[in-house]
Amino acid sequence: MRVYRTAEIRNVAVVGHGASGKTSLVDALAFVAGTSRRHGSVKDGTALTDYTPDEIERKYSINLALAVAEWMDTKLNLIDTPGYLDFTGEALAGVYAADGAVVVVSATGGVEVGTEKVWDYGEARGIPRLFFVSLMDKEHADFEKVYHQIKDRLSPKVIPVEIPVGEGPSFQGIINLFSKKCHMYKKGTKAGEYEEVDVPAEYRERFDRYSRELIERIAETDDTLLERYLGGADIGRDEAIRAMKAGMLRGELYPLFCGAAEATFGTRALLSKMVELFPAPHERPPVDAQQWGGAERLPLKADDGGPFVAQVFKTISEPHVGDVTYFRVYSGTVRNGQDVYNAPREAVEKLNHLCVSIGKDRSEIAELHAGDIGVVAKLRDTHTNDTLSLRDVPIVLRKIPFPEPVIAVAIEVKQRGEEEKLSNALHKLHEEDPTFQHEYNGELQQTLIRGLGERHLEIIVGRLARKFGVHAATTKPKVAYRETFRGRAEGQGKHKKQTGGRGQYGDCWIRIAPLPRGSGFVFEDKIVGGVIPRQYIPAVERGVQEAAQRGPVAGYPVVDFKVELYDGSYHDVDSNEMSFKMAGILAFRNVSPNCKPVLLEPILELEVWTPDEYLGAVMGDLSSRRGQILGTEQDGRLTKVRALVPEADLDRYATALHSITHGRGTHRQQFHAYEQVPPEVAQKVIEARKKELEEARA
Ligand SMILES: Nc1nc2c(ncn2[C@@H]2O[C@H](COP(=O)(O)OP(=O)(O)OP(=O)(O)O)[C@@H](O)[C@H]2O)c(=O)[nH]1
Ligand SMILES: [Mg+2]
């Protein structure tokens, strides 16, 4: 492949809901353009950008992947992204690396939750977008309905540039409102070939209506055009395209196209429009960068003359290759074999075998110009979201705001002794994918992994086995229960041993009293007259604290209580610190069961966003989880519910919410407080804990 200069490059993310036809579209575009020799398909596992074993087996995209379509002397860098929300971090990364996005909307499914999500990413990044109504040949395809859904639910600024001839199995052509011609496709066409004919008579009325709408909308975004249009002048194709491109850049217009990617219908026109309507990298506003080590902010333009700056938006580890790094050049150029610098990690990286990526194939390239996207393997210490620059001009870019995990499960190795291997592998997976996180919880003695959904974590567990040879199973995360007291009591702890030689003697009297939630542990020394010598008093406190790690109810740590040490006795020869610590332990064990001990559980504060139609179901579900609703309020398109819910009842909540709201609900949670577990629930916790402790002893 030849080297392309900045003005000849278009970076396009292909985004949309799951199974809307993105991967099939990218494959068709690369094939029709002639850059890819073979027309692959998702069904056969041969699609260009669904090439990992997981994707071939499951028949949906998991990773973002790149393809190239060379068209009109322009290189279209196509970024195929997954639609499933479990992998939405990939879609976000794709949008951030691109200068424009094709939002694919299925002609049968219409606007779905995944469409709304990627639309919002495009809004946040502020990139021009166009719609492609896909699967026009599928039974029940409905162009008009989908167009109006887009208008109502995503943006009133959408405007069709094409309308279909026939729908579903009778879909056979596309009328282009710019060229005023109709492209008729023959069944079995291989690469989008068509016959150009006049607009069929029965479509004349529709054509006129849509054409008027299109020209009016374009004219509205451009004062001189509007004047000419109102003066009755005809607006030519080139003028209209120029105005549309400018309007798209300002976010005032979102053109809509249609087709059927598998049959390659509509692909040629789409290729041309992507070249003509999306901006080249240098036509986009500068990105915000910062000098490493300095406070100075510098706007970066996609300019060959600027310093080299690139951002890593994806890393993937591949068999026989190792880590492959995908990056986008934001400024300057870079040559094959050049040394670059990862400033925050103080790592010099050599870009050996600089490549462009087409699906799983990589082809080596001499240099990349400002704005281009490249891949390179085997970097030493560079990970997703890192910036590469030059040693003498170290720069960092603002990070891609990857979404936070919403689900956690515990994970354990199947074979003892592999714990360290597991922890290393989890760390590597996190560096590849920032939406995946892990941590070891010492108190619960569990490793927790967090991600964007069960499917996400399932894939991670698969990768652990396949790539790192670590076989692991997931389990429910344990809950960090606590205990506290509701009453006061007092009593003695006496430790006395007389075995030949020097003995051990410690004796103390303590009073235990409850404290308000959140007070922690307070120790008061009320000893008078030296009945316990000064130097032994801290030992008593340490003993009490140690014993309080295993409370009287179920062996959970005891919190929020006060201990008064008010009496005791000692022995001139046999007393020592150890003996008084033992006395403290015994005193706590002796007195604590009489202080009305109770079990506490963590309560989380939940914010749940849902469309109105599922509000009742969401609240009902929260109540069934012992939740307490704090209130609801309108938040944009959605209603936000705030509730307090015990953590114990929130296992896999993200999955439940997903199914209640058909994927449209999201939530956020944070620790709120510890509260007493109701007696009937406490009984079950105590029994389960008993079993757990017995198993641990065995
Ligand atoms: N009838 C018809 N089916 C299509 C067309 N394009 C894709 N499909 C089928 O639709 C299904 C989904 O296509 P994909 O290309 O995998 O969709 P996707 O948007 O990449 O899906 P995710 O990667 O899961 O987000 C596959 O079974 C395709 O064979 C089309 O133009 N017409
Ligand atoms: Mg896909």
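At what angle do helix 8 and helix 9 pack, and how far apart are their axes? In this predicted model, helix 8 (residues 237–249) and helix 9 (residues 267–277) pack at an angle of about 65°, and their axes lie 9 Å apart. Angles of 65 to 115 degrees count as roughly perpendicular, and helix 8 and helix 9 are therefore roughly perpendicular to each other. On the side of helix 8, the contact is made by Arg237, Ile241, Met244, Lys245 and Met248, which meet Lys273, Glu276 and Leu277 of helix 9. Sorted by class, this contact of helix 8 with helix 9 comprises four nonpolar and four charged residues, with no polar residue.

Helix 1 spans residues 22–32 and is mostly covered, with eleven of its eleven residues buried. These buried residues include the charged pair Lys22 and Asp27, together with Leu25, Val26, Leu29, Phe31 and Val32 among others. Gly34 follows helix 1 and has a positive phi, near 95°.

The structure holds five cavities of 30 Å³ or more, and the largest cavity has a volume of about 160 Å³. Its lining consists of 21 residues, and those nearest the centre of the largest cavity are Asn63, Glu90, Lys314, Asp433 and Thr435. Helix 3 (88–97), strand 14 (309–318) and helix 11 (454–468) are the elements that give two or more residues to this lining. Helix 11 makes the largest contribution, with four residues. By class, the lining of the largest cavity has nine nonpolar, six polar and six charged residues.

Among the open sites, the second largest pocket has a volume of about 1500 Å³. It is lined by 43 residues, of which Leu444, Gln445, Gln446, Lys478 and Glu692 are the closest to its centre. At least two lining residues each come from strand 25 (407–413), helix 10 (419–432), strand 26 (437–441), strand 27 (446–451) and helix 16 (679–697). The largest share of the lining of this pocket belongs to helix 16, which supplies ten residues. The lining of the second largest pocket divides into 19 nonpolar, nine polar and 15 charged residues.

Two individual residues were also considered. Thr610 is located in strand 34 (residues 597–610). Its relative accessibility is 0%, and Thr610 therefore counts as buried. Leaving aside residues up to four places away in sequence, Thr610 touches Leu615, Val618, Leu638, Thr639, Thr661 and Gly665. Arg209, by contrast, is placed in helix 6 (residues 204–220). With a relative accessible area of 35%, Arg209 is partly exposed. Arg209 and Pro679 are 470 residues apart along the chain, and their C-alpha atoms are separated by 69 Å.

Key. Residues are numbered from 1 along each chain as its sequence is written. Chains are lettered from A and ligands numbered from 1 in the order in which they are written. This is a predicted model: local features need pLDDT of at least 70, side-chain atom pairs count only at pLDDT 80 or more; totals for chains, interfaces and linings use all residues. Side-chain values use heavy atoms; hydrogens and water are left out. Axes are lines fitted to C-alpha atoms, for helices over the stretch in contact, and angles run from 0 to 180 degrees between N-to-C directions. Angles under 35 degrees count as roughly parallel, over 145 as roughly antiparallel, 65 to 115 as roughly perpendicular and the rest as oblique. Contact means heavy atoms within 4.5 Å. On a 1 Å grid over the protein atoms alone, a cavity is a set of points where a 1.4 Å probe fits but cannot get out, and a pocket is an open set with protein on both sides within 12 Å along at least five of seven lines; lining residues have an atom within 4 Å of a point. Grid points are joined across faces, edges and corners, and a volume is the space filled by probe spheres set on the points. Buried means under 20% relative accessible area, exposed over 50%, partly exposed in between (1.4 Å probe, protein chains only).
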